[in-house]
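Subject: Structure for your review

Dear colleague,

I am handing over the structure below, together with notes on what turned up in it. Please read the notes with the coordinates open beside you.

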Amino acid sequence: MENSRLRIVVTVNGPGEVAGWLHPFALSARRRFPWLEIVAAVLPCVYASGMEAQVLRQSNLVDKVWDSSFAMRTILRGPSANGAAGTPTCLLHMGGEPLLSLLLGKRLMGPVFAYAESPIALQSRFDRIFWAGETHLHSRLSGLPLFRGKNFAGSHAKGSPAREVVGNLMVDSALLQCAKTAHDMEKGLCIGLFPGSRPYQFTHMLPFYLEVARELIKSYPGAEVLLAKADFLSLKMVDELCRKSPGLLGGAKCRLLPGSGPDMGFVETEQGFRVKVCSAGQVMEKAHLALTVPGTNTAQLAALGIPMVVTFPTFHAHVHPLPGIMGFLSKIPGVGRYLKEKAAFAYLKTWPFTAHPNIRAGRAVVPEVLGAINDRDVLKAARNLLENSMEKTRRDLLEVMGGPGAADRLTGALLAACREHNILKDF
């Protein structure tokens, strides 16, 4: 870069976008083009864990982090008020309310792009859409012209942004976390538990998964169970959430036992069932089967070919955050909980599937256990996988998710688009 650095402001709003999208993109961009300045702007969102800005600052993944307060001040008052002006800038929307990303991009006076895996609101307002892939769902709903590689300039209809397929960043993120996976069960079965990265998920799903896993491994001598702790939950938070167990879904009350040295510790139930706490990557390296909530984990597990049972209980829908006005329904005295549960059920019905590989394939590649579920429902699905279709499911997952390289393709396509918008001379 001859005169000044190019700044890329990436908007994110929750754990999935940070870990699954921003992480591989930022690593690729910084490795290939060290002169880039990458800024993560965390937008306010009901689905956020509250730890996004802190995790980003500790990771040294980006050059700067704008928390939600900073981002909103920039939207309302302009970049000069925050010292955010002066550098040629583009904005890449990866998460949050699209309107906020568009407003922030307008304040920064640069082109506004988006990386998406499904249609987003106001998508015609973006200068370019970088697409995760051509899937059953996307090709049916999006209606945008589709191009690949760098041959997309000027090819789209007037008033509609071109979209270029660059691939699935979550495949890259999975391979960054886990270099190899375990397929051989000769030394014993390993079950990975992924109760989520948000406190409300963890509180209610962990005791439930512990009960399912305890029953499941009775038929598998030497089996091991590992608990995946998300980066967005500290060990202190895990301890506090365990103290609140068993939660709404039942299961046994549990506690966190501190570890020594590099070990994070163990979670132990009142009956003495104990599981080791590990990072998500460590669990993915060893797990033959996973029990997981919907979210980025389902894409990363699928990219590694790890069969899973995806669970989504709906009979306590009032605890789940909802976007927009639906999120305020529970605050209405007397009828709030009822209205929010009805809204949650209606919202869920708009999605035929909740797991990423199933959404991409348009069919049930892995089982989803939804609704007023109990441990027997999940056990049945898990046993059916283990006894009948592990190898086929593994092959199908790898085929559906595709190969790596999306981060490099997105970086190249983004800089090419910046050059077209005259904020970048060359790279």
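At 38% relative accessibility, Leu 122 counts as partly exposed, a class that lies between buried (under 20% relative accessible area) and exposed (over 50%), with a 1.4 Å probe and protein chains only. Please note that this is a predicted model, in which local features need pLDDT of at least 70 and side-chain atom pairs count only at pLDDT 80 or more, while totals for chains, interfaces and linings use all residues. Residues are numbered from 1 along each chain as its sequence is written, and side-chain values use heavy atoms, with hydrogens and water left out.

Backbone points

Leu 122 has a positive phi of about 60° although it is not a glycine, and it is placed in the loop between β5 (112–116) and β6 (128–131); here helices (H or I, at least four residues) and strands (E, at least two) are DSSP runs, numbered from the N terminus. Asn 422 also has a positive phi, near 65°, but Asn 422 lies in the segment after α14 (406–420) and is exposed at 70% relative accessibility. Ser 245 and Pro 246 are joined by a cis peptide bond with omega of about 10°, and Pro 246 is found in the loop between α8 (235–243) and β11 (254–258). These entries are listed because most residues other than glycine have a negative phi, and most peptide bonds are trans.

Cysteines

A search of the whole structure finds zero disulfides, a disulfide being a pair of cysteine sulfur atoms within 2.5 Å. Cys 90 is in none, and its nearest cysteine sulfur, that of Cys 418, is 3.6 Å away; Cys 90 is buried at 1% relative accessibility. Cys 242 is likewise in no disulfide, the nearest cysteine sulfur being that of Cys 254 at 3.9 Å, and Cys 242 is buried with a relative accessible area of 1%.

Strands around β15

Five of the six residues of strand β15 (residues 308–313) are buried, so this strand is largely enclosed by the rest of the structure. Strand β14 (residues 289–292) pairs with β15 in the parallel sense over three bridges, where pairing requires that DSSP finds at least two bridges between two strands, and Leu 291 stands opposite Val 309 in β15. β15 also pairs in the parallel sense with strand β16 (residues 368–371), over four bridges, with Thr 311 opposite Val 369 in β16.

Nonpolar cores

The largest nonpolar core has 111 residues, and those with the most contacts inside it are Leu 22, Leu 92 and Met 94; such a core is a set of buried Ala, Val, Leu, Ile, Met, Phe, Trp, Tyr and Cys residues joined through side-chain atoms within 4.5 Å. Helix α13 (residues 375–401) gives the most to this core, with 10 residues. Apart from it lies another core of 21 residues, among them Trp 66, Leu 102, Leu 108 and Ala 116.

Helix α3

The buried residues of helix α3 (residues 68–77) are Phe 70, Ala 71, Thr 74 and Ile 75. Seen down the axis of α3, these fall within an arc of 135°, so they line one face of the helix, the arc being that of the directions from the helix axis to the C-beta atoms. On the other side of α3, Leu 76 and Arg 77 are exposed, and just after the helix Gly 78 takes a positive phi of about 95°.

With best regards
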